[in-house]
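Student: I have this one open and would like to talk through how its inside is packed. Can we take it piece by piece?

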Amino acid sequence: MTPPTPLPQVRTRGDKRSLEFQPGMIQSEMRLSRPDELVLSYARAMMCFVLFHPRPEHIVMVGLGGGSLAKFCYRYLPHSRITVLELSADVIALREQFAIPRDNARFRVIEADAARHMRQLRGSVDVLLVDGFDAAGLPPELGSAAFYADCRRALRPGGVLVANMFSYDPNYGAMLRRLRQAFQGRICWFRGIAGNNRILFAVKGGAPSPALAMQQKVARSHGLALPLLNKLLAHWTVFKLRWNAGRGA
């Protein structure tokens, strides 16, 4: 008999509110005083997609969690339309506790199995963020060859897939090979940018593009010379987006 899936738990400690499937296993974290801020390093690292694709028209996210990436993109990429695919109705039910915007013309949360829904998005996505963890980790369906092939088809030429994985996941090597094969080797990562989180960037080819040029550049040396510099790059990328939004750029 399959054990029941743990319900997501909301914990508030001082100015921080977290989403956890098990006590101490933080999936997402928010500052109550600054709900749009990116608290966790892996989220800042995933935002480095703007180095590849600065003004995406359509961003699709796999996994809502506490909505950190969704809120940040909604506020600081005002020209982007955002679609979030979330399998768990229990997670979606917590959106108000994490100050996640209501659905509108630019922002929509869909209760859906991303592995199935991805097939409907052919050639309509500029940036695809895959961060669909549950209590057991990354579901096998979101690391399969079929899913990565569907992701590639969902992207427009020059589109970018950003996948969050754990470097210690026993399936990491196999998922990396599948991703590399699906995107014909056009993948890269910034060494040490988010600790045990390995943030992989894959670019759809088809024609020369700024994203493809950046992928080739990053792939040569895994970003900057030192892991600390890559972490600072992620901070700088987030800071610059906030600064530009404040100036109305």
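Student: Let's start with F190: is it buried or exposed?

Tutor: F190 is buried, with a relative accessible area of 4%, where buried means under 20% relative accessible area, exposed over 50% and partly exposed in between, using a 1.4 Å probe and protein chains only. Please keep in mind that this is a predicted model, in which local features need pLDDT of at least 70 and side-chain atom pairs count only at pLDDT 80 or more, while totals for chains, interfaces and linings use all residues. Residues are numbered from 1 along each chain as its sequence is written, and side-chain values use heavy atoms, with hydrogens and water left out.

Student: And why is the pair of F190 and F201 called edge-to-face?

Tutor: The ring centres of F190 and F201 are 5.6 Å apart and the planes stand at 85°, so the pair is edge-to-face; rings of Phe, Tyr and Trp (its six-membered ring) pair if their centres lie within 6.5 Å, and planes under 30 degrees apart count as stacked, over 60 as edge-to-face and the rest as tilted. F190 sits in the loop between β9 (187-189) and β10 (197-203), whereas F201 is in strand β10, so the pair ties together parts that are eleven residues apart in sequence. Helices (H or I, at least four residues) and strands (E, at least two) are DSSP runs, numbered from the N terminus.

Student: Which aromatic cluster are they in?

Tutor: F190 and F201 form one aromatic cluster with F52.

Student: Switching to the largest nonpolar core, how many residues has it, and which have the most contacts inside it?

Tutor: It has 49 residues, and those with the most contacts inside it are M47, F49 and F201; a nonpolar core is a set of buried Ala, Val, Leu, Ile, Met, Phe, Trp, Tyr and Cys residues joined through side-chain atoms within 4.5 Å. Helix α2 (residues 68-76) gives the largest share of this core, five residues.

Student: What does F49 touch, leaving aside neighbours within four places in sequence?

Tutor: F49 is in contact (heavy atoms within 4.5 Å) with P56, I59, C73, L77, V127, L129, V162 and F201. Apart from this core lies another, of 33 residues, including F147 and W189.

Student: What about F147 and Y148, how do their rings sit?

Tutor: They form a tilted aromatic pair, at 6.1 Å centre to centre and with 50° between the planes. F147 counts as buried at 2% relative accessibility, and Y148 counts as buried at 1%.
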